[in-house]
Amino acid sequence: LGLVTFYEERNFQGRSYDCTGDCGDFSSYMSRCHSCRVHSGCWMMYDQPNYMGNQYFFRRGDYADYMSMFGMSNCIRSCRMIPMHRGSYRMKIYERENFMGQMYEMMDDCDSIMDRYRMSHCQSCHVMDGHWLMYEQPHYRGKMWYFGPGEYRNFSNMGGMIFMSMRRIMDSWY
């Protein structure tokens, strides 16, 4: 079970809201959110309602001023809890959309698909096992996107994101 407490002001001040699961829109609970405390679980936070906009990964810890920490221009508007996964991790990444072009199967973190696979980018993937974070730059930098088990045929409908590195969301992070 996950729990995160959101606060209107930095440094855990102002009104607060305890969240124990997915929340598509904070506006009915608070007008703004500038700090949070993740008591348990791993979470994706979004700077737009309904799990839209930029995504940010939060794990257990105190975030007294997360906007400056992550370089965010908008505060969190929605959040989704990531289910814990125990067991193996498997994902196939493809050079082109609709699972076309070069394919590589991954079972561990990759800090650069260019260095490891000589792949300039991937445009689709199939997550068979586990939960993954994919990043637009090598070495887990830049914008990120969460991928749970499923088929993702075309990244261009995700705001044209290009992914260059990916890592597993490990159960030890919970």
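Apart from residues up to four places away in sequence, His34 touches Tyr7, Glu8, Glu9, Arg10, Ala64, Asp65, Tyr66 and Met67. The model is a predicted one.

- His34 is placed in the loop between β2 (13-19) and β3 (35-40).
- The relative accessibility of His34 is 14%, and the residue therefore counts as buried.
- Tyr29 also has its place in the loop between β2 and β3.
- With a relative accessible area of 37%, Tyr29 is partly exposed.
- Once neighbours within four places in sequence are set aside, Tyr29 is in contact with Arg15, Tyr17 and Cys23.
- One of these residues, Tyr17, is 12 residues from Tyr29 in sequence, and the two are 6.7 Å apart in space, C-alpha to C-alpha.

**Domains and their interface**

- The protein is divided into two parts, domain 1 (3-82) and domain 2 (90-173).
- Between the C-alpha centres of domain 1 and domain 2 the distance is 25 Å.
- Nine residues from domain 1 and eight residues from domain 2 take part in the contact.
- The size of an interface is often expressed as the accessible area that is lost when the parts come together.
- For domain 1 and domain 2 the buried area is about 900 Å², and carbon and sulfur atoms give 66% of it.
- On the side of domain 1, Gln55, Phe57 and Ile82 supply 50% of the area buried against domain 2, which is more than any other three residues.

**Aromatic rings**

- The count of aromatic pairs in the model comes to 19.
- Phe57 and Trp173 form a tilted pair, with 5.5 Å centre to centre and 55° between the planes.
- Phe57 lies in strand β5 (residues 52-58) and Trp173 in the segment after β14 (165-168), so this pair ties together parts that are 116 residues apart in sequence.
- Phe57 and Trp173 are both buried.
- A further pair, Phe155 and Phe163, is edge-to-face, at 4.9 Å centre to centre and 90° between the planes.
- Phe155 and Phe163 are likewise buried.
- Tyr56, Phe58, Tyr63, Tyr66 and Phe70 are linked into a cluster by ring pairs.
- Tyr66 of this cluster is also among the residues that His34 touches.

**Charges over rings**

- Arg37 has its charged end over the ring of Phe12, 3.9 Å from the ring centre.
- Arg80 likewise has its charged end over a ring, that of Tyr51, at 3.7 Å from the centre.

**Salt bridges**

- The count of salt bridges comes to 11.
- One of them joins Arg90 and Glu105, whose closest N and O atoms are 2.9 Å apart.
- This pair links distant parts of the chain, since Arg90 is in strand β8 (residues 90-96) and Glu105 in strand β9 (residues 100-106), 15 residues apart.
- Arg90 counts as partly exposed at 27% relative accessibility, and Glu105 is partly exposed with a relative accessible area of 37%.
- Arg116 and Asp108 also meet through their side chains in a salt bridge, at 3.1 Å from N to O.
- Both partners are partly exposed: the relative accessible area is 39% for Arg116 and 34% for Asp108.
- Asp109 forms a salt bridge with Arg168, with 2.9 Å between the closest N and O atoms.
- Here too distant parts of the chain are linked: Asp109 is in the loop between β9 and α2 (113-117), Arg168 is in strand β14, and they are 59 residues apart.
- Asp109 is partly exposed, with a relative accessible area of 23%, whereas Arg168 counts as buried at 18% relative accessibility.

Methods: Residues numbered from 1 in each chain as written. Predicted model: local features only at pLDDT ≥ 70, side-chain atom pairs only at ≥ 80, totals over all residues. Heavy atoms only, no water. Phe/Tyr/Trp six-rings, centres within 6.5 Å; stacked < 30°, edge-to-face > 60°. Helix = DSSP H or I, 4+ residues; strand = E, 2+ residues; numbered from the N terminus. Buried < 20%, exposed > 50% of the residue type's maximum accessible area, 1.4 Å probe, protein only. Lys NZ or Arg CZ within 6 Å of the ring centre and 35° of its normal. Domains from an automatic or database assignment. Contact = heavy atoms within 4.5 Å. Buried area = accessible area lost by both parts, 1.4 Å probe. Salt bridge = Lys/Arg side-chain N within 4 Å of Asp/Glu carboxyl O.
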